[in-house]
Amino acid sequence: MSKYAAALFDMDGTLFNTKRGIVKALRLAIRDFGLEPLKEEEEEQFIGPPIQKTVEKVYKISREEAVDCANLFRKYYREKGYVLECDLYEGMKECLAKLKENGIKLGIASLKKEDMVQRICDNYGISKYFDSIHGTDEFDNLSKSDIIHICMNDLGVSENEKAVMIGDTRFDALGAKEAGVPFLAVSYGFGFHSEKDADDYDNIGTASAASDIVKYFI
């Protein structure tokens, strides 16, 4: 029997490669907001954390302006269908099925807007694997640790050490630490590109592919 009862997945860079759609919407929003275009290598930093925070940091604009730019991004992302321009990572369906078959409770704890998370999961047929799917709220008031605890409550897991947060960035690692749960890094996403990168944060290991995640639970 696994010492863990639940696996909580991040969305961008962990379950899905969402770069294609995010970049398309981002480029339009930046253009129409009158900001300087980004270099291609600068775009990945916008994938994962709340978009307004990265816009504010990169362009050194006010929080209010960053929120307006982020809202424009989300408008394009939803209305132009870019939200569905993503790819489930290779082996992920098999990973989810294996975990569920072995009694591991599954949840999604994302900083993406919750309606977007649900829409993607429904479209790609993976909602059935999860008993809890949560993203951030309309006003971005929820932190990563808040969302982790909401998922744990849904799943009926009250002991922090029984739930593992799985993610590809420091935001996932720090959210797990704040929530008091173990963290499993993945190195195939947008943040950590190697085990060494992830070792800067407390973790139970690093998965280099979706298939590697299973061994930490079974």
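This is a predicted model: local features need pLDDT of at least 70, side-chain atom pairs count only at pLDDT 80 or more; totals for chains, interfaces and linings use all residues.

Modeller: Residues are numbered from 1 along each chain as its sequence is written, and side-chain values use heavy atoms, with hydrogens and water left out.

Biologist: What makes a space a pocket and not a cavity?

Modeller: On a 1 Å grid over the protein atoms alone, a cavity is a set of points where a 1.4 Å probe fits but cannot get out, whereas a pocket is an open set with protein on both sides within 12 Å along at least five of seven lines. A lining residue has an atom within 4 Å of a point. The largest pocket has a volume of about 890 Å³, a volume being the space filled by probe spheres set on points joined across faces, edges and corners. Its lining has 39 residues, with P49, P50, K53, L111 and F171 the closest to the centre.

Biologist: Which element gives the largest share of that lining?

Modeller: That is α3, with seven residues; helices (H or I, at least four residues) and strands (E, at least two) are DSSP runs numbered from the N terminus.

Biologist: How many cavities does a search of the whole structure find?

Modeller: There are two of 30 Å³ or more. The largest cavity has about 160 Å³, and D12, P49, I51, F73 and K112 lie nearest its centre among 14 lining residues.

Biologist: Why do you say that the buried residues of α6 line one face?

Modeller: Buried means under 20% relative accessible area with a 1.4 Å probe and protein chains only, and in α6 this holds for K144, S145, I147, I148, C151, M152 and L155. Seen down the axis, they fall within an arc of 160°, so they line one face of the helix; the arc is that of the directions from the axis to the C-beta atoms.

Biologist: What do those buried residues pack against?

Modeller: They pack against β1, β4, β5, β6 and α7, where contact means heavy atoms within 4.5 Å. Just after α6, G156 takes a positive phi of about 70°.

Key
Buried means under 20% relative accessible area, exposed over 50%, partly exposed in between (1.4 Å probe, protein chains only).
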